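Hi,

Here is the model I promised to pass on to you. Have a look at it first, and then read my notes below.

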Amino acid sequence: MTKTSVLESDTLMPSANPIILQMQSITKEFPGVKALSDVSITVRASEIHSICGENGAGKSTLMKVLSGVYPYGSYDGEIVFQNEVCQFKDIRASEHAGIVIIHQELALIPELSITENIFLGNEPTKFGIINWDDARLRTIELMARVGLSEDPDTPVKEIGVGKQQLVEIAKALNKSVKLLILDEPTAALNESDSQHLLDLIRGLKGKGISCIMISHKLNEIEQVSDSITIIRDGKSIETLDVKADGVDEDRIIKGMVGRTLESRFPEHTPKIGEVFFEVKNWTVRHPQIADRLVCKNSSFTVRRGEIVGFAGLMGAGRTELARSLFGRSYGHYISGQIIKDGKEITLRNVPEAIKHGLGYVTEDRKTLGLNLLDDIKTTTVAANLDAISKRSVVNLGKEYEVAEQYRKQLRTKTPSVDEGVSKLSGGNQQKVVLAKWMFTDPDLLILDEPTRGIDVGAKYEIYGIIQALANQGKGVIVISSELPELLGISDRIYTIFEGAITGVLNKSQASQESLMKRMTAAKKSA
Amino acid sequence: MNAIKQLFGGNTRQFGMIFALVALIVFFQFMTGGVILTPDNVINLVNGYSYILILAIGMVLVIIAGHIDLSVGSVAAFVGIVVALTMRDWHLPWYMGIVVGLVLGALIGAWQGFFVAYVGIPAFIVTLAGMLLFRGANQYFGKSLTVPVPTDFQFIGAGYLNEVGPDTGYNNLTLLVGFIIVAALIWSGLRNHRKAVALGADVKPLWVTITKLVILCAVVLYATYLFATGRPGTSFPVPGIILGVLVLAYGFIAARTTIGRHIYAVGGNRHAAALSGVKSKRTDFLVILNMAVLAGLAGMIFVARSNASGPSDGVGWELDAIAAVFIGGAAVTGGVGTVVGSMIGGLVMAVLNNGLQLMGVGSDMTQIIKGLVLLAAVVFDVYNKSQGKASFIGLMMKKLGGRDNPDLAVAEPLRDAVRTES
């Protein structure tokens, strides 16, 4: 694994390096929407340049213009890369020039091997016949550069998402990349994989490869970036030199939202009551792998008005726990009890879970939480159609009223509730999903990564919504990979490691260190 | 220009397939010297195509839910032969024959639905197997011969509304039906307008609603006139009545009931639907079962019209039904489509068939043209959508419960590629 020492990369002094990329006055319009308006960005050689902005600000659009996804002619403005004016007509053209983009949704084919994926679209051929032996050798070489030691024939679906990300980088290295664009590279990674990736990027910088990084993880941006460009509402607001301007997270936030956020979390006085929900010895088996348990004898409680956090590394089993409790929608139930309001209940399917007052906001709203074909009002009522129907006939007037009520209450930014949910930004989509579950009036609401991929301003609003739900006497479980978030809103936090609950800490006892210790160790005496 | 935009719903997106249908009718009216819009011809058209449209009703629900059903032709034929045989050999009266047909359809639907919904086999495979299986069964039971059906059964396929009441020179019952439809349209149109205003939702100005109503009523009245003035003994055909009732019922079910919502939810995002409490397996089972029942009904109507059930009935029906559904705006990936849209799609095919036939074009050429029209219709719609312009299909039906077609939302890179190449 290549690891550049901090000293080495310091001496490169990015602000003095030659400019390799200049995007000048880029304007990109879609019918009815001006996504980018006169945006300019300058990247130097051997630099890590981050782009920050709220969701919908235009970051991804800008990168799509740069990488040729939006070809020359579909935008105004000029791109100059390595002193040459660029008129990319597709992605191939930009890759040919040395610009490679790695999207947030990795472009890997799960069924194909590491080798096949690295050479996808780029196969070493002679008269149309692929030379796999060559490819395989080169793959091993590339994997070494990114710190992978898998068998190159392993299907990509079998390695974790952290390693998949590294395969993507290896793929980029294979294309002789000079400017690497990373869109939310650590969004789906746990702490250690994220660090590994960031170290790798720093190493690439040492080898002369510049990097543009789009990310919401401000602490990481602060950690690795040399410069930061902040984009808001399709306009480039400012560019900061991290060292020279002494940039920290608060400074970045200020640039992104246009004001300082006094605090990331709203003020909240918890009103906690009695235990009303209890899980005892919950054991669940993996759906396909017969001898693997995803939940090992887990037990926990939730009180009325309490916000309970679940902390754990990626793959620790938090989502599995939540989904298996929610109507056995994951895995094979082996044993365990759910006790609500003093009575044991069996939740054999999702409708039963909803009937017993449980709600579950899924981890990935786009694939599991929303029907992207629907509009806001249809989505809002989707989990509780019976409340607005009489003898199976839906009352469209009531549907509209309910949707409007939640739109106002949650301050969803949309012209009307007839708008398609696919048109909303991530934060507003999440609000619609929350509305859907709030309409079922659950007693216990489980939120799985409720603020993933959502900008700082919207996160604040969602925390407020969570606290309001708690104030109503409901129990709220928040599963999150962002420790600061859990520490900010939870009253108690359970830690999970490899399917087992390893500890529980009160708000006063919890800290990133104490949580991390329990998230990475087997259960000791609690 | 703005006025026209308002008429078509706020933007120029609602030309839709109705525009294409009207254009086709006008074209053939011209090319056939006015024959296509004569009473006898429109009656023929309804008689000859109603069973396909009935299939399209069931098929659109199947496709919305994300499946497909290739067995409908064979199921229709099989139910047809069994009904013909039971009426002949067991001397069942005609209404019992219909009951047998519907029950048999339900059994077949339950069989196929079980495999699709609860065993998890793709519907394509299960219904492909059904296509072979029930074709064979039709030939086995009927011994590959045609089996005639009694005259009173033929009523459902070849019957007309009776001549009733005073002699007005028209068929009175047809007139009555026409007037009732006009009255219902006016009442519901105005009621919806008032309700939307009361809710404070986005409302089109009153003159738009009224203009739409006037146009619709004019069309209905003209059609009523055509049907009421056919040859003596003919009027609006009974299969047309059956079709009309089914369109109303299923249109309502799809747009306004919880089961309708579930079908769209399951088709739009199966996992999200399941995690929202929709019983997705039950929904799958029901659409497949329903399709087979409607296939049985279509088979019986066809047999009633042909006076007999034969071994080659139903061949190719599934493709006509599927074409009607896709021309009508459904998406291959599911979650999109409407009953009314499929009817319009079906009518486009029917008018095309009928018009070409009247022009003397052979069935070979007709087939070629139909294939090209199907392709052209969807390509044109995709192209328009990618230009950010009107979708010729799709949003047209939004008020009646339709959805924006995701197939037609071309991926962004492609969208711009198309634009720069033009």
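What follows is a short tour of what was found.

First, the ground rules. This is a predicted model, in which local features need pLDDT of at least 70, side-chain atom pairs count only at pLDDT 80 or more, and totals for chains, interfaces and linings use all residues. Residues are numbered from 1 along each chain as its sequence is written, while chains are lettered from A and ligands numbered from 1 in the order in which they are written.

On confidence: pLDDT is the predictor's confidence in each residue, from 0 to 100. For chain A the average is 87, and 94% of the residues score at least 70. Residues 1–12 of chain A fall below 50, and this stretch has 15 contacts in the model beyond near neighbours in sequence; a contact means that the C-beta atoms of two residues, placed from the backbone, lie within 7 Å. Residues 522–526 of chain A are also below 50, with six contacts beyond near neighbours in sequence. Where pLDDT is low, the predicted coordinates should not be read in detail.

Chain A is divided into domain 1 (6–98 + 178–257), domain 2 (109–176) and domain 3 (275–519), with bounds that come from an automatic or database domain assignment. The centres of domain 2 and domain 3 of chain A, taken over C-alpha atoms, are 37 Å apart.

Two loops of chain A are worth a look. Most residues other than glycine have a negative phi. Ser46(A), however, has a positive phi near 50 degrees; this residue sits in the loop between β2 (33–44) and β3 (48–52) of chain A. Strands here are DSSP runs (E, at least two residues) and helices are DSSP runs too (H or I, at least four), numbered from the N terminus. Glu498(A) also has a positive phi, of about 50 degrees, and lies in the loop between β23 (492–497) and β24 (500–506) of chain A.

Are these two residues buried or partly exposed? Ser46(A) counts as buried because it has 20 C-beta neighbours inside 10 Å, whereas Glu498(A), with 17, counts as partly exposed. The cut-offs are 20 or more other C-beta atoms within 10 Å for buried, 12 or fewer for exposed, and in between for partly exposed, with C-beta atoms placed from the backbone.

Where the chains meet, 31 residues of chain B and 33 residues of chain A take part in the contact. On the side of chain B, the elements that give two or more residues are α8 (172–199), α11 (258–268), α12 (270–275) and α17 (412–421).

Helix α9 (residues 206–228) of chain B has 23 residues, so at 1.5 Å a residue it should span 33 Å, and its end C-alpha atoms agree at 32 Å apart; the expected span is 1.5 Å times one less than the number of residues. Thr224(B), Phe227(B) and Ala228(B) are buried in α9(B), and the buried residues of this helix pack against α3 (39–64) and α8 of chain B.

Finally, Phe115(B) lies in helix α5 (residues 94–119) of chain B. Phe115(B) is partly exposed, with 19 other C-beta atoms within 10 Å. Leaving aside neighbours within four places in sequence, Phe115(B) is in contact with Ile121(B) and Val126(B). The C-alpha atoms of Phe115(B) and Ile156(B) are 32 Å apart.

Best wishes
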